[in-house]
Amino acid sequence: MFGTTDRRHFLQHAAASTAVTLPGLNFLAKVRAAAPEMKKKQKSLIILWMAGGPPTIDLWDLKPESQNGGPHKPKPTAASGVEISEHLPLVAKQFKNLSIIRSLNSREGDHDRGTRMMNTGRAPNPLLDFPSIGSVLAYYQAMDIEAMKNADLPASISVGGPRGGAGFLGMKYAPFNVQNPGTPPENIAAPAGIDEGRMARRAALFNRVEGSFSTGMPIDSKTGKPMVLDAAQAHKEVYEKALNLVVSTRKDVFSLDKEIDGKPIDPKLKEEYGNDQFGRSALLARKLVEAGTAAVQITLGGWDLHANTHQTLATQRLPVLDKAMGTLVKDLEQRGKLKDTVIVWMGDFGRTPRINQNAGRDHWSRCWSVVLGGGNIKGGVAYGATDKDGTSVSENETSVLELFGTLYKGLGIDPTPETNASVRDNLGRPYYVAGDKPNEKTGKLWIPALVS
């Protein structure tokens, strides 16, 4: 891990952080003063990412009376008047803690653009690389100086591959990737025969070599640290994150054999989550937020269902989703952690109401559903509606920024520009985490009906 640092390797990191200076400086200057209060209120976020674009008309907003409805039937949930797919019985039992937004219009029907928008809240922009919500939360966590003195786990973790990066915030706030839940992340174990003292000497040598790349930056008189994160600093921080895990006393948090207090995990609980990649990811996510991680994203792929949608849902996707998601919500509540953890289920976009000639559904961003709960989010609410055929929003159209504003509010962060610090992008324009244009009807940047 601390081997030769060649020019090509350095330039790869430098290219990833070219836009970091001005925005990072402004974010630092404007957020630091409010950070302690934000940290007191802030909770953790778990993103259940459905890669490929899930057909939400078959999960959360069924249309049994329409020719677009398909063969699946709606069934009641624990929330009065709220129905979801018959193939999600465990999730249905948890709907006192979950709510649905059925009126999202994300306006991006391309996989890459939709993925980036649903992770950052913004449509992709060639002039600016926006940070994901996980990276923003990592930045907020880093502003709590006292807490960060003892932090030895990444603040943002992606299980199975990140769907959004740190953008102009820089590599320091990029998600740490865990490929296989239940096994240690790559490169966090010291090589065989290398004790901690020798690792420390290697780290010191690495720091001296890395320091030679420094380009010279103004120093903050209060912290004694560079005010601007240049490419050399960002590159250095990537390796520091890895070293912190190598020497961390809590790196066993990535194991699924023991809880964070060292007690064995009940095999029955692991079976409830599901003995598959997504089930293990969900259990790991619960452990990570208990250990203090600000944001965890886990992924269930295979939703790009242009053919045989309903058969695939019933036999493959929904049984896996139901076990993991239903058990995660129940487990968090039973452990008293749901009040401190916001959960959001979402993907690239939705899928067409009309069923195509291959018994599948195509890309559709005009009206679809997301599910959220925990933290300050109210449970048991179905917000917004689509028309009888699911082709357009009929009530309370919701933008992606409104969704993000609701998530931030659920996390205890007020996203309004007057109370929450803004970022300056690399063109000097103000950037607000959930925009600066409130809903004309509510006057809010979030959905009041969903926030307690």
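Tutor: A polar contact is a pair of N or O atoms within 3.5 Å; within protein, one must be able to donate a hydrogen and the other to accept it, and residues adjacent in sequence count only if both atoms are side-chain atoms. This is a predicted model, in which local features need pLDDT of at least 70 and side-chain atom pairs count only at pLDDT 80 or more, while totals for chains, interfaces and linings use all residues. Residues are numbered from 1 along each chain as its sequence is written, and side-chain values use heavy atoms, with hydrogens and water left out.

Student: Which residue has its backbone oxygen 3.1 Å from a polar atom of the side chain of Thr120?

Tutor: Thr120 is found in helix α5 (helices are DSSP runs of H or I, at least four residues, and strands runs of E, at least two, numbered from the N terminus). The backbone oxygen at 3.1 Å from its side-chain polar atom belongs to Arg122.

Student: Is Thr120 buried or exposed?

Tutor: Leaving out residues up to four places away in sequence, Thr120 touches Phe130, Pro131, Ser132, Phe404 and Tyr431 (contact means heavy atoms within 4.5 Å). The relative accessible area of Thr120 is 9%. Under 20% counts as buried, over 50% as exposed and in between as partly exposed, with a 1.4 Å probe and protein chains only, so Thr120 is buried.

Student: At roughly what angle do the axes of α5 and α13 cross?

Tutor: Met117, Met118, Asn119 and Thr120 of α5 meet Val400, Leu403 and Phe404 of α13. The axes are lines fitted to C-alpha atoms over the stretch in contact, with angles from 0 to 180 degrees between N-to-C directions. These two come within 9 Å and cross at roughly 35 degrees.

Student: Which strands stand at the edges of the sheet?

Tutor: Eight strands form an open, mixed sheet in the order β6-β5-β7-β1-β8-β11-β4-β12 (two strands pair if DSSP finds at least two bridges between them). Each edge strand has a single partner, so one of its sides is left without a neighbour in the sheet. The edge strands are β6 (176-178) and β12 (382-383).

Student: How far from Ala294 is Ser156, C-alpha to C-alpha?

Tutor: Ser156 lies in strand β5 and is buried, with a relative accessible area of 5%. Beyond four places in sequence, its contacts include Gly134, Phe176 and Thr293. Ser156 and Ala294 are 138 residues apart in sequence, but their distance in space is 6.0 Å.
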